[in-house]
Amino acid sequence: MKNNQRISLPSIPTLEYKKFLEQNVSLLKEPNNHCVNYYGFPSGGKIKLLCCIANDKEGTILVSSSYAEQNQLLPSFTNYNLAFHIFERELHENFGIKYSDHPWLKPVRFPFDRADKNSSSRNYPFYKIDSEELHEVGVGPIHAGVIEPGHFRFICNGEQILHLEIQLGFQHRGIEKLFLEKKIFLQRTTLAENIAGDTVAGHTTAFVNLWESLCNYKAEDDLKFSRTLALELERIAIHTGDLSALCTDIAYQLGSAVFGRLRTPLINYFQIWCGNRLAKGLIRAGKNNFPFTNELKNILEKLLHDYENDFDEICKEAFSLSTVLARFEKTGTVSNKDAFSIGTVGMSARMSGIERDVRKSHPHDLYSSFNHQPITKNHGDVYSRVQIRKEEIKQSIGYIRKLLENIPQQNKNRNPLSLSQPDSFCISLVEGWRGEICHCAITDEKGELAHYKVKDPSFHNWLALALAVRQNEISDFPVCNKSFNLSYCGHDL
Amino acid sequence: MLDNLKILFHQGKQYIPDVTNAEMPGIFRGRPIINSEKINEDEFMEICPTNAIEKNPVSIDLGKCTFCGECAFAFPNKIKFTTDYKISSNERERLIIKEGEDKPIELNPSLIRKEISEYFSGSLKLRQVSAGGDNSCELELNACGNVNFDMGRFGIEFVASPRHADGIVITGPISENMAEPLQICYDATPEPKIIILAGTDAISGGIFSGSPALNRNFLSKYKIDLFVPGNPVHPLTFINGILELIRKRK
């Protein structure tokens, strides 16, 4: 199937587990393939497993399924391909499925409906090394800054980090279940907007594209235009904020202040357009409350012009300073091999030369018109992630200018959204600023939503951060963490 | 050095000179006004994703409202959102805007504890706790301290430890997994301490209200000193709310 294509649920092949394992594991031997989602849902007293492998060259997604029972002992996919580790940990946590050869069935997020209610963040046994020379440092769940909670446990040899274990789940709000419980369509859109406040355009676009496909609705160009523009603006705004935060962490005051203030006109632009600085309320399925006008175009052109001048000036200064480069270069390195084996996506993949970008491989909305070339770096260090941000900002400005050349007319006689189709499965991939967002939905025989699955790019990428800080000084942790800027709420859901 | 000075010069003055009377750029969904026009009240109520709208009389609860504006699109003659960003209050009731009302939302001076203006009017240090927040309010609270809003000029700052803080700011609907860390943080804050709820999710649970993954018991145990509505809260809403809290006297 293709991105945003609706298929009938019975058309998904159901394989015997052994065959299911063999097929999906062998698919991943091909470097153009990667697993975008692997999850389970209750179906007829059993657990139906659904595995979605994307072929990035062909732009297709291969979906297969199998059945498992609660508390059943199964051989793991992870034993053959490490990228599956997080999916199988989730299956174990949610349904109690046991694996005979999974390396570490560490809890993922302590959801309220987990299989083992005795497992909690209070009694979680962190990985320990028995040594008199090593010491442990624990941080969180509440961090020192104004950011979301998570717990980080370092094992250090003096200043050097040997191992970092990350435990999340503190932000778990039960979002996937709420998608089923909230029956009103606007409620579901609001939920999508509140998955991650820094990725409002990303997650909401994934949701509305998915929903329109479920309803056999073809979005007109003006809707696609708004979504593409919002995604690229969000990318520029958050990347700019990240550059500011990275400068703050290395105590480079000028960069911190200038990048920080450059973010303001961008998010204020969202407010001018739709009344909310983070674009909440902007994107809706089958309608557009805030049609794009020529006046908005003029404001944006002026804004980008002013932004680019100041941005180029501060970039030139910041990235010629040896003190800045000394902190960024060779800090927090993840090798291409490691990044590939754990299945990273988005910036966290492109930093190590893995060209993984939904905008190119599975284009949606107006992306097919850009001939998008993902920006990749090869060193996998903080500096690679900084450079990707800097270059993606410039690339996105180019895309926005191209979009503005041809603003589609608003359709005033839009067909209303019909009901969602019965017995369907649909998958929606969006390249958010952080990477690949994946929403999946299943409808029952009446067309009602039967299961909803959200996957934030951070789900794959948190392990990359843990690997990046090994052998680094513990004082470099903040800059490593900020250079990934992974989502807590998007992960915990 | 000269390059740095040039950059500083090119940046110009970025701060908002008077954050208590600043104009909001563009459109903004702040304090709503509901007029007395007769409409189908049930239809009006049904639009709202978070049940913020009630009838008899028609009212909207800003503590539940996610400011999506869909009610104003469906019934443009009935409700409109103004750009008035001063929508904080220390009394939950005052966040409920009724039909025909068009007056600023203010704090109730009789509910402000005496210690607050006595100790905190010139300096207030806050510890922020993100308890299931979606990172949007967190981004905006960070923005309060940037070069545009510069909340630090009033002596109001976020600090790294509850032991350095005069109060806590809670964002998010308070997940079960954050209930205990939140309590520990509150206990570690020295007396007299204040509690501020920032954002619709914190005030009422917002769209997450009723989710079995939440545990909001903490809120029933203590007096809340300030409610700051918004999804997310706008920095100007937050700064003005706090200023009113620490400056207003009985």
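## Backbone, then the interface

Biologist: Where is Asn216(A) found?
Modeller: Asn216(A) lies in the loop between α5 (200-214) and α6 (221-249) of chain A, where helices are DSSP runs of H or I of at least four residues, strands are runs of E of at least two, and both are numbered from the N terminus. This is a predicted model, in which local features need pLDDT of at least 70 and side-chain atom pairs count only at pLDDT 80 or more, while totals for chains, interfaces and linings use all residues. Residues are numbered from 1 along each chain as its sequence is written, chains are lettered from A and ligands numbered from 1 in the order in which they are written, and side-chain values use heavy atoms, with hydrogens and water left out.

Biologist: And what is the phi of Asn216(A)?
Modeller: Asn216(A) has a positive phi, about 55 degrees, although this residue is not a glycine. In general, most residues other than glycine have a negative phi, and most peptide bonds are trans.

Biologist: What about Ile174(B), where does that one sit and what is its phi?
Modeller: Ile174(B) belongs to the loop between β8 (167-171) and α6 of chain B, and its phi is positive as well, at about 65 degrees, although Ile174(B) is not a glycine either.

Biologist: OK, on to peptide bonds. Is the one from Gly140(A) to Pro141(A) cis or trans?
Modeller: That bond is cis, with omega near 15 degrees, and Pro141(A) is part of the loop between β7 (135-139) and β8 (151-157) of chain A. In chain B, a cis peptide bond joins Glu191(B) to Pro192(B), with omega about -10 degrees, and Pro192(B) is placed in the loop between α6 and β9 (194-198) of that chain.

Biologist: Changing topic: how many residues are in contact between chain A and chain B?
Modeller: Counting heavy atoms within 4.5 Å as contact, 60 residues of chain A touch 62 residues of chain B. About 4900 Å² is buried between the two chains, with carbon and sulfur atoms giving 55% of that area; buried area here is the accessible area (1.4 Å probe) that two parts lose on being put together, summed over both.

Biologist: Which residues of chain A lose the most area to chain B?
Modeller: Those are Ile142(A), Val146(A) and Arg173(A), which together account for 14% of what the chain A side buries.

Biologist: How many salt bridges cross that interface?
Modeller: The rule, a side-chain nitrogen of Lys or Arg within 4 Å of a carboxyl oxygen of Asp or Glu, finds five salt bridges between chain A and chain B. One joins Lys280(A) to Asp134(B), whose closest N and O atoms are 2.8 Å apart.

Biologist: Which elements of chain A give two or more residues to the side that touches chain B?
Modeller: They are α3 (175-181), α4 (185-193), α7 (253-274) and α8 (294-318) of chain A, and the largest share, twelve residues, comes from α7(A).

Biologist: How does that side divide by class?
Modeller: The side of chain A that touches chain B has 27 nonpolar, 17 polar and 16 charged residues, with Ala, Val, Leu, Ile, Met, Phe, Trp, Tyr, Cys and Pro taken as nonpolar, Asp, Glu, Lys and Arg as charged, and the others, Gly among them, as polar.
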